[in-house]
Amino acid sequence: MSELVVALDYPEPKPALEMARGLRGVAPWVKVGMELFGASGPAIVEELKKLGFKVFLDLKFFDIPNTVRGAVRSAGNAGADMCNIHVLGGARMAEAALAGRSDSRPEMLLFGVTLLTSMTEADLPLDTGGIQGPELALRLAVSAKAYYLDGVVCSGLEVAGIKAATAGDLLCLTPGIRPDGAERADQRRVVTPAEAVRFGSDFLVIGRPITGSTHPERAAEAIGLEMERAGRENRGEA
Ligand code: C5P
């Protein structure tokens with residue numbers, strides 16, 4: 001069953017917590033990114049957990065192994081239920097991240113960012129030898145599996161390929177979701193909630209279509225229903 005993760009992209013804790021209060025019982029997960037975490041610190045994780053949410057701490061760690069081990073340990077100690085690292089950090093960094101999780105919160109999910117969906121091969125500061133962005137993302141996902149990460153952050157359009165290349169061993173978490181008719185804003189390669197579920201995405205990260213709506217709770221409920229319907233179709237129950 002795919003799960004909804006609401007991105008709380010706010011510059012301070014107050015509006016984030018207000019939004020979260022309205023979404024209690026509607027969305028199981030919320031995502032705290034660098035902006036909100038920088039403004040509020042680890043206390044925001046505890047506050048959101050008190051409201052009943054599972055928390056994805058989206059800080060995309062990428063540093064020397066020892067530092068990443070400490071960063072993941074801190075995320076676990078803050079109570080995060082999911083956090084992430086860059087797969088580009090390589091095997092030793094991923095191994096250190098797993099150790100940081102064991103030190104703190106073994107049940108926390110650890111995801112890898114493949115190639116940021118905002119980037120193509122042309123944005124990389126090196127020559128990829130003609131390898132295109134989607135192929136790079138797929139190769140990085142295969143590495144994520146070899147590093148024993150739980151899943152990867154990827155575009156909804158890449159989920160099916162990644163699931164096939166990794167024998168379904170990786171969970172896929174996909175941002176860039178837009179319900180039919182919603183503003184795309186700065187997102188480019190978007191899929192609808194139903195399409196993301198059909199492609200096999202396990203976690204759908206959705207921000208502005210919910211948080212920017214005049215009725216965030218209703219918007220989240222409608223997305224939840226769309227996801228359930230697509231899930232039933234996937235299982236041949238519809
Ligand atoms: O508002 P919107 O639905 O576009 O929010 C998507 C969220 O997912 C934002 O928090 C954004 O930072 C995050 N994200 C993304 N694309 C990625 C990785 C994360 O949009 N490749």
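1. Let's start with a side chain in the middle of things. Phenylalanine 61 touches Val68, Ala71, Val72, Ala75, Asn84, Ile85, His86 and Met93, leaving aside residues up to four places away in sequence; a contact here means heavy atoms within 4.5 Å. The residue sits in strand S3, where helices (H or I, at least four residues) and strands (E, at least two) are DSSP runs numbered from the N terminus. With a relative accessible area of 14%, phenylalanine 61 is buried. The cut-offs are under 20% relative accessible area for buried, over 50% for exposed and partly exposed in between, with a 1.4 Å probe and protein chains only.

2. A word on what you're looking at. This is a predicted model, in which local features need pLDDT of at least 70 and side-chain atom pairs count only at pLDDT 80 or more, while totals for chains, interfaces and linings use all residues. Numbering runs from 1 along each chain as its sequence is written, and side-chain values use heavy atoms, with hydrogens and water left out.

3. Now the overall build. The protein has 10 helices and eight strands. Its radius of gyration is 17 Å, close to the 18 Å that the globule rule gives for 238 residues, so the protein is as compact as a globular protein of that length. That radius is taken over C-alpha atoms, and the rule is 2.2 Å times the number of residues to the power 0.38. Along the principal axes, the C-alpha atoms fill a box of roughly 45 × 40 × 35 Å.

4. What about burial and surface? Of the 238 residues, 50% count as buried. The protein exposes about 11300 Å², and carbon and sulfur atoms supply 51% of that area; accessible areas come from the Shrake-Rupley method with a 1.4 Å probe, and for residues only the protein chains shown count as cover. Among contacts with a separation of 6 or more, 68% are between residues 24 or more positions apart.

5. Valine 6, in strand S1, counts as buried at 0% relative accessibility. Beyond residues up to four places away in sequence, valine 6 touches Leu23, Ala27, Trp29, Val30, Lys31, Ile206, Ile210 and Thr211. Phenylalanine 203, in strand S8, is buried too, at 5% relative accessibility.

6. On to the largest pocket, which has a volume of about 840 Å³. Of its 33 lining residues, the closest to the centre are Lys60, Thr117, Pro175, Gly176 and Gln187. On a 1 Å grid over the protein atoms alone, a pocket is an open set of points where a 1.4 Å probe fits, with protein on both sides within 12 Å along at least five of seven lines, and lining residues have an atom within 4 Å of a point. Points are joined across faces, edges and corners, and the volume is the space filled by probe spheres set on them.

7. Who builds that lining? Strand S2 (29-33), helix H2 (34-40), strand S3 (54-61), strand S8 (203-206) and helix H9 (208-211) each supply at least two residues. By class, the lining has 14 nonpolar, nine polar and 10 charged residues. Ala, Val, Leu, Ile, Met, Phe, Trp, Tyr, Cys and Pro count as nonpolar, Asp, Glu, Lys and Arg as charged, and the others, Gly among them, as polar.

8. The second largest pocket holds about 210 Å³ of space. Its lining has 14 residues, with Met1, Ser2, Gly224, Met227 and Glu228 nearest the centre. Helix H10 gives the largest share of this lining, seven residues. The classes split into eight nonpolar, three polar and three charged residues.

9. Tyrosine 148 has a positive phi of about 65° although it is not a glycine. Tyrosine 148 lies in the loop between helix H6 (133-146) and strand S6 (151-153), and is exposed at 65% relative accessibility. Alanine 167 also has a positive phi, near 55°. Its loop runs between helix H7 (159-165) and strand S7 (171-174), and alanine 167 is exposed, with a relative accessible area of 61%.
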